[in-house]
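Subject: Structure for you to look through

Hello,

I am handing over the structure we talked about, and below it you will find what came out of going through it. Please keep the model open while you read.

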Amino acid sequence: MDTQQANNQEALKEQIRKLEEKYAAMGQDLSSYLDGLLYSEYLTYWDYINLDVLLNLQQPRTAFPDEEVFIMYHQITELYFKLCLHEMRQIQEKSGDGAFMAQRLKRMTAYFESLTKSFSIMIEGMEPEQFLKFRMALLPASGFQSAQYRMIELQATPLIHLARHDLRSSLLEQKADIPTLYSHIYWNQGATELATGKKTLTLRQFESKYGSTFLAMAHEMEGKTLYDMYLDLPDSEQGPELKESLRTFDRQVNIDWPLVHYKSAVRYLKKNPEDIKATGGTNWQKYLPPKHQFRIFFPDLWTKEEKEHWGVPEKMGVL
Ligand code: HEM
């Protein structure tokens, strides 16, 4: 046996010793697990990423080919939202660590940048004639019902910043509690029937599935949102890089993405008032533009002038 072989054998023995230690610590017999290793199949790419399941998750409701584009792009978006929430959870677990927060925020801004840039797939990537038809077969479902989108908001900022813009100062004055703030959440305004002023079915379904989860999350996040965690950091940890990443994230979620998303609604739904029915008859033209919603996760990080022009990037001078 040459030296190389002898070294390899030594390394192997050491690995077995460590494995024995690991399994013994849990009261397990290493030899049985080694048998398992002997008989088990090699891992494949398709099994590892669950490819068959993934590629079977597209179930169009109509025969229009562009419906597949619509479904898959929503799925892609939800995966990015999931990644974002994944990072947010880790930041919460390491609260107090400004460098970690800055690093993970960079990832979150990369996800949202990708979403904003790729939204042209929605704006230009479907034939309007097809869209307007298959959309009717999807009523009353709407991207409005994306729970992960709302969870990102609930974890980013205290509930007061997500309350209706016109009620915020009075709610703040009366020191409104979480359930009161939640009853005035901004998104209720986007799901009111134009004709009757009543909550749409889209909203009623959404509330019945997720209302209690959102309220529980709002309670859980009290004092622990991304904004709270940033404000709790000592000055020395609130560096310019972290501040810039927070501003970028705020701008992406509350201006850039809403603007490209709004553009798609204008492209497909604006022309004919009849087409608005395709959205369930909501006041989306007033509701969706970010300057009307005036959602800001981290208000102290923006100047007075920037806030005055919120939602109008040319005037804010931040893009
Ligand atoms: C052609 C593509 C799209 C059109 C025309 C469109 C249209 C609309 C409209 C009109 C609304 C207002 C609520 C309603 O009336 O239902 C809305 C809300 C919403 N949509 Fe879309 N949408 C499109 C694509 C997407 C995609 C790909 C997503 C990704 C998940 C998405 C997520 C949302 C969200 C989160 C809201 C709520 C926004 C808020 O409350 O501020 N939409 N959409």
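The largest pocket has a volume of about 1400 Å³, where a pocket is an open set of points on a 1 Å grid over the protein atoms alone, at which a 1.4 Å probe fits, with protein on both sides within 12 Å along at least five of seven lines, and where the volume is the space filled by probe spheres set on those points, joined across faces, edges and corners. It is lined by 50 residues, of which Phe70, His74, Ser142, Gly143 and Phe144 are the closest to its centre, a lining residue being one with an atom within 4 Å of a point. Helix 5, helix 8 (128-136), helix 9, helix 12 (201-220), helix 14 and helix 15 each give two or more residues to this lining, and the largest share, nine residues, comes from helix 5; helices here are DSSP runs (H or I, at least four residues) numbered from the N terminus.

Please bear in mind that this is a predicted model, in which local features need pLDDT of at least 70 and side-chain atom pairs count only at pLDDT 80 or more, while totals for chains, interfaces and linings use all residues. Residues are numbered from 1 along each chain as its sequence is written, and side-chain values use heavy atoms, with hydrogens and water left out.

The space taken by the ligand is this largest pocket, in the sense that more than half of the ligand's atoms lie within 2 Å of its grid points. Around the ligand there are 26 residues, with Ser142, Arg150, His261, Thr282 and Tyr287 the closest, each counted if one of its heavy atoms lies within 4 Å. Helix 14 (240-269) is among the helices that supply at least two residues of this shell, and with six residues helix 14 has the largest share.

His261, which lies in helix 14, is the single protein donor to the iron atom of the ligand, through NE2 at 2.0 Å; donors are N, O and S atoms within 2.8 Å of the metal (3.2 Å for Na, K and Ca), and sites may look incomplete because water is not among the atoms. Elsewhere on the ligand, a polar side-chain atom of Arg150 lies 2.9 Å from an oxygen atom, and an N or O atom in the side chain of Arg295 is 3.2 Å from an oxygen atom.

The peptide bond from Leu139 to Pro140 is cis, with omega near 0 degrees, and Pro140 is placed in the loop between helix 8 and helix 9. Asn50, although not a glycine, has a positive phi of about 55 degrees.

Best wishes

Conventions: Polar contact = N/O pair within 3.5 Å; in protein donor to acceptor, adjacent residues only side chain to side chain.
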